[in-house]
Amino acid sequence: FTRLRSRLAASGSPLGARLLSVLSKDHLSEGDWDELEETLLMADLGAGPTSELIEALRTQVRVHAIKDAAQVKELLRTELVKLVDPSLDRSLKIDRQGEGGELPAVVMVVGVNGTGKTTTLGKLTRVLVADGRSVLLGAADTFRAAAADQLETWGARVGVATVRSDRDGADPASVAFDAAKSAKEQDVDVLLVDTAGRLQNKTGLMDELGKIARVVTKEAPISEVLLVLDATTGQNGLNQARVFAQVAGVTGIVLTKLDGTAKGGIVVAVQRELGVPVKLIGLGEGPDDLAPFDAEQFVAGILG
Ligand code: GDP
């Protein structure tokens, strides 16, 4: 994890460009303030945080008689960083567990299909292996036929095995249990478990994820439940996030597909809504396109 390259999200994005065009003026007119507000809303910052932020900026501009847009930009940077909250603990719990470190760390990913769970685990596997950790993968997404193949391919590239079922539609909890058992037997450092995210039915989802968590916990406690969210899905993604947080005890968020979207403001909305930090961001489909989330870098990526 420490080796993950920090990268700027949303750099050169339409959001950044629009903000910069407003903030490069000598003086901010009422129209400019409206444009600023609209730009932040378009970035999915959420109505509440946006109006609080604009209010805070306008107050400071008034109190300090600020005329210069460059200074407003610096104030905006400070306020945005505060909103994203640099004080949150964003470290990934990937160290071995148990009194003598006899148990593997267990990281489970949850989220709607297509958000990037399998890809995120693939990228994470590479990072952990590069960091000198032994890893086992558990393909408990038995719903989507290709998911186990996809995971296995990611793992095989870095010499990591995948526990899977040969049957489509096999019991995901049984695959997860086998994976946890093997992880202990093989004495690996980290077990990564992929799951399916059918959202038609909250009770079904709760039953499935609950059962996976219970059987895995028989072997080793779950260190992290990472909710994978697609940054491009906006409010809809937030609704999904709520459901998963209710059923799965989420400990961190992975925000994927931040490349090519100006909607990075969802970071603020989702952290507020769930009270859970964004820990990782996905910046593309490639093997190295995963980065730890850093509040100041993130804001710098938006504001330049
Ligand atoms: P899952 O169903 O949640 O396991 O989703 P997948 O891992 O199969 O990903 C769905 C699609 O999103 C795939 O085409 C991935 O390559 C793509 N994807 C995943 N993460 C990212 C990302 O950070 N950026 C981009 N642009 N695409 C991504």
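**View 1. Helices H2 and H3 cross in a right-handed way.** Here right-handed means that the near helix is turned clockwise from the far one by less than a right angle. This is a predicted model, in which local features need pLDDT of at least 70, side-chain atom pairs count only at pLDDT 80 or more, and totals for chains, interfaces and linings use all residues. Residues are numbered from 1 along each chain as its sequence is written, and side-chain values use heavy atoms, leaving out hydrogens and water. H2 covers residues 30-42 and H3 covers residues 47-63; their axes lie 9 Å apart, at an angle of about 150° (on a scale from 0 to 180 degrees between N-to-C directions). Helices are DSSP runs of H or I, at least four residues long.

**View 2. Side by side: the contact of H2 with H3.** Among the H2 residues that take part are Trp 33, Leu 36 and Leu 40, while H3 brings residues including Leu 53, Ile 54 and Leu 57 (contact: heavy atoms within 4.5 Å). The residues of this contact divide into 9 nonpolar, 1 polar and 3 charged.

**View 3. The shell around the ligand has 18 residues.** Gly 114, Thr 118, Thr 119, Asp 259 and Glu 285 come nearest (a residue is near if one of its heavy atoms lies within 4 Å). Helix H5 (residues 117-130) gives the largest share, 4 residues. The shell divides into 2 nonpolar, 10 polar and 6 charged residues.

Notes: Helices (H or I, at least four residues) and strands (E, at least two) are DSSP runs, numbered from the N terminus. Ala, Val, Leu, Ile, Met, Phe, Trp, Tyr, Cys and Pro count as nonpolar, Asp, Glu, Lys and Arg as charged, and the others, Gly among them, as polar.
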